[in-house]
Amino acid sequence: MIDDNVLEKLEFTEVVRRLSVHCQYSVAAELARDVRPTSDRRVASMWVATTAEAAALLRDIPEFSVGGARDIRELLVKAEKGARLQPPELLLIADTLHAARRLKRTFLRLPEHESRFPNLLETVGAIENVHGLESGLEQSIGPRGDVLDTASAELARLRKAVRIAHSRVTERLRNLPASGRVGAALQENIITIREGRYVIPVRADARNVVRGIVHGTSSSGQTLYVEPYDVVELNNTWRERQLDEEEEVNRILDDLSSQIAELADVLRRMVHAVAEFDVSLAKARFATQLDAVRPVFHDTSTSGRRTATEETGHPSHRIHLVDARHPLLDQSTVVPLTIDMGDSFRTLLITGPNTGGKTVALKTVGLLTLMAQAGLFIPADGRSVISVFAQMFVDIGDEQSIEQSLSTFSSHMTNIVRMLRQVRSDSLVLLDELGSGTDPQEGSALARALISRLLSARAMVIATTHYSEVKAFAYATPGVENASVEFDVETLSPTYRLTVGIPGKSNALAIARRLGVPGEVIDHAQSLLLAGDQQADDLIADIRRRREQAGAELATAERTRADVEELRRRAARALREAELARREARDSATAEVERELHDARELARSLQRSSMAGNAAGPTREEAREASTRLAAALDETRRIRKRREPQAAQLQRPRPVRPGDRVRVHSLDMTGDVISVDGGNVSVQLGALKTRVPVSDVERTSRGEGASQPTGGTTRVEVPKPDLRVSVETDFRGQRAAEVEEQLEQYLQDAYLAGLPWVRIIHGKGTGALRKVVRDLLQDHPVVERSETARQNEGGDGATVAYLRGNS
């Protein structure tokens, strides 16, 4: 388990906060903020695979979402405690059940979802069917959060009684002003309610005119709100019916609350599954925003072998980041870095000036490692490879920021002491400004000793430092490599480019000169430097110049290679296009010859049938000559095409020994005749009234009486029987649960479609309407259903649905 302090210092908490913004479900956003990296490689791989599935899903269906789900966890607790949930609260639960069911149904309809999205399928599988509860809520609670009349037959009856009682009392009150005395006593000709009872406004000075119960007065005292004695009993009846209605509503709410309490655990799993699915989608959206790629984890099964670099590289872990970018910086301006460690070295020391990007490099490596272990894609090149670390230790300081270090020596040492007690070979250690905050000589010695200790522990280490002695130590110590961040002295600004293999320098004197420090002061400072230090700086500068030159030459060579590769691709494409055009022309010519040959065959067969039938008006000599000429021309063209397309087959094909009088089949004509004569490689064959000359390779001797019924060239044709589908045009699902119907209806529609039925009638009954809704929802989006409609009254009316099948109706 990686310590929360490490996550905080590497700003992983900010990464997951930004991840949560991409969630559409409030529970998912909360879950996203709690995402933590795992130390188990198999779990990390599974999480990454799930994110990849979500990314593929969004590429196919960009609008895919879990919209409509609500956070109902507190309502579940409330129901479990026996509380009565109110209609608006039940509406939230109903919306969540509907959203979960829609999510599962839409996902399960995706093509090849089992093979393409196995991890997401497992998440969706936790959404259990609660059709009974959902149907009850849908039947009882309206879209405005009110209890519907359909909640129960008793409620419908009581509400009808309330309406009747209300109508009677209001009608009686409206008729009172018709009496001259009462009408004159009213302040206004209106009916209003006081204390839950209908009253009329009576002038205070006419109180004795209208006998009744006073329920209040106006603020001026000029109006009394009187319930006349004539309507007291009607008001009582209306109020009693209201109380009966309220009691029935409470009973319904209690019943629904009780059902929810019983299914509370199931609903919690549903909420969690929907949230997990949304978090996976959020990870995919976050990856798209960062232009991030799926991380590839280093295969530890190929590690652990003894190699020549075993003492310098890492025995099992590797970090190979190509063009990696810090995810919290502006992705359009951040300078990417490339690091490859674990093969020839396992400790990297980064040097360079302050504000040069050393800490950014340190945090980038650590943060991308955490992201990968949390199942997130990383902003880097797709060639990047990363390892899963069981532990990660970071010493950046409590007040550390990307620009400036404000930590103290004591805080550094406290962190390092704790680290040394726990570090192992599967640990990643990130140390910023190693040995700083104290005397430079002692700090340098302490830094070298700590590096040696971490080397012996075989941990993967990245550290930043300013000490020249530590740079020299890296050169002389196997398993340790130098790196530097570049600084442009001319512009006094860092380039943020990381160069592995070359140590950096502070550039303090160059910066001071550019800032206007007098030249004599700079010269005096240079004279105080040790000669070896100056030579080392000059050597580093020369190495850097040579490396940049080699890099420029390599880039030129790469561009040249890319140009050559592009020319090769263009030439290959042109060659393919030319070959395609040649094939199309050849196929077109072949098709034309085949048509001519077919016409010639038909003419020959017609003449042969006429001759065999002894038709007096049989073929004339001119017709026979014309048929023979067309046959010969078509055969010659066929032979030329065959020689071009199948030269090897023509060479391998041997003439069958035939003699005059043999019964043979002419393959090119698909006709049977008798051999008249054999002349070298050709034979003359009598085909009814026609005589033709063909190559020996074009004929095959057959047994007498087989005729045209024998297959050509030994080929056997296999007839595939059509399936015997005896499907009724009507199916009845009454009495079945809605959850059982979908699969059965799916199979029935496929069978009916294959059987060629133009339409089918599906009987679902009227009942509560839940079964009808399931049937019609499935028919609406089904690929073999062209349209559907309610059956006619004499065929079942609302209790049945007729579906017209595509291509059959």
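Predicted model: local features only at pLDDT ≥ 70, side-chain atom pairs only at ≥ 80, totals over all residues.
Hi everyone, let me start with the inventory: this protein has 24 helices and 23 strands. Of the 809 residues in the protein, 43% are buried. On contacts, if we take those with a sequence separation of 6 or more, 69% join residues 24 or more positions apart.

The largest nonpolar core holds 111 residues. Which of them touch the most other members? They are Phe-12, Tyr-25, Leu-137, Ile-260, Phe-277 and Met-371. Helix H13, residues 264-290, supplies the largest share of this core, with 16 residues. There is also another core lying apart from that one, made of 23 residues, including Met-413, Met-419, Leu-434 and Val-470.

Have a look at Phe-12 while we are here. Once neighbours within four places in sequence are set aside, Phe-12 contacts Leu-7, Val-35, Arg-36 and Pro-37, and also Leu-367, Leu-370, Met-371, Ala-374 and Leu-376. Met-371, you'll recall, is another of the residues that touch the most other core members.

The crossing of H9 past H12 is left-handed. Who meets whom here? From H9 we have Leu-133, Gly-136, Leu-137 and Ser-140, and from H12 we have Ile-252, Leu-256, Gln-259 and Ile-260. Sorted by class, that contact has five nonpolar residues, three polar ones and no charged ones.

H12 has another partner, helix H10, residues 153-175. These two pack with axes 9 Å apart, at an angle of about 160 degrees. So H10 is roughly antiparallel to H12. H10, too, passes H12 in a left-handed crossing. The contact of H10 with H12 divides into twelve nonpolar, four polar and nine charged residues.

One more pair for you: helix H6, residues 87-108, and helix H8, residues 118-125. Their axes come within 10 Å and cross at roughly 145 degrees, and H6 passes H8 in a left-handed crossing. On the H6 side you'll find Lys-104, Phe-107 and Leu-108, which meet Leu-120, Leu-121 and Val-124 of H8. Five of the residues in this contact are nonpolar, none is polar and one is charged.

Ser-280 sits in helix H13, and not counting residues up to four places away in sequence, Ser-280 touches Leu-120 along with Thr-50 and Ala-54. Is Ser-280 buried or exposed? Ser-280 is buried, because its relative accessible area is 10% and the cut-off for buried is under 20%.

You'll find Ser-218 in the loop between strand E3, residues 212-217, and strand E4, residues 223-228. Ser-218 also counts as buried, because its relative accessibility is 16%. Beyond its neighbours within four places in sequence, Ser-218 makes contact with Thr-223 and Tyr-225.

Conventions:
Residues numbered from 1 in each chain as written. Heavy atoms only, no water. Helix = DSSP H or I, 4+ residues; strand = E, 2+ residues; numbered from the N terminus. Buried < 20%, exposed > 50% of the residue type's maximum accessible area, 1.4 Å probe, protein only. Contact = heavy atoms within 4.5 Å. Left-handed = near helix turned anticlockwise from the far one by under 90°. Nonpolar A, V, L, I, M, F, W, Y, C, P; charged D, E, K, R; others polar. Core = buried A, V, L, I, M, F, W, Y, C linked by side-chain atoms within 4.5 Å. Axes fitted to C-alpha atoms, helices over the stretch in contact; angles between N-to-C directions. Parallel < 35°, antiparallel > 145°, perpendicular 65-115°, else oblique.
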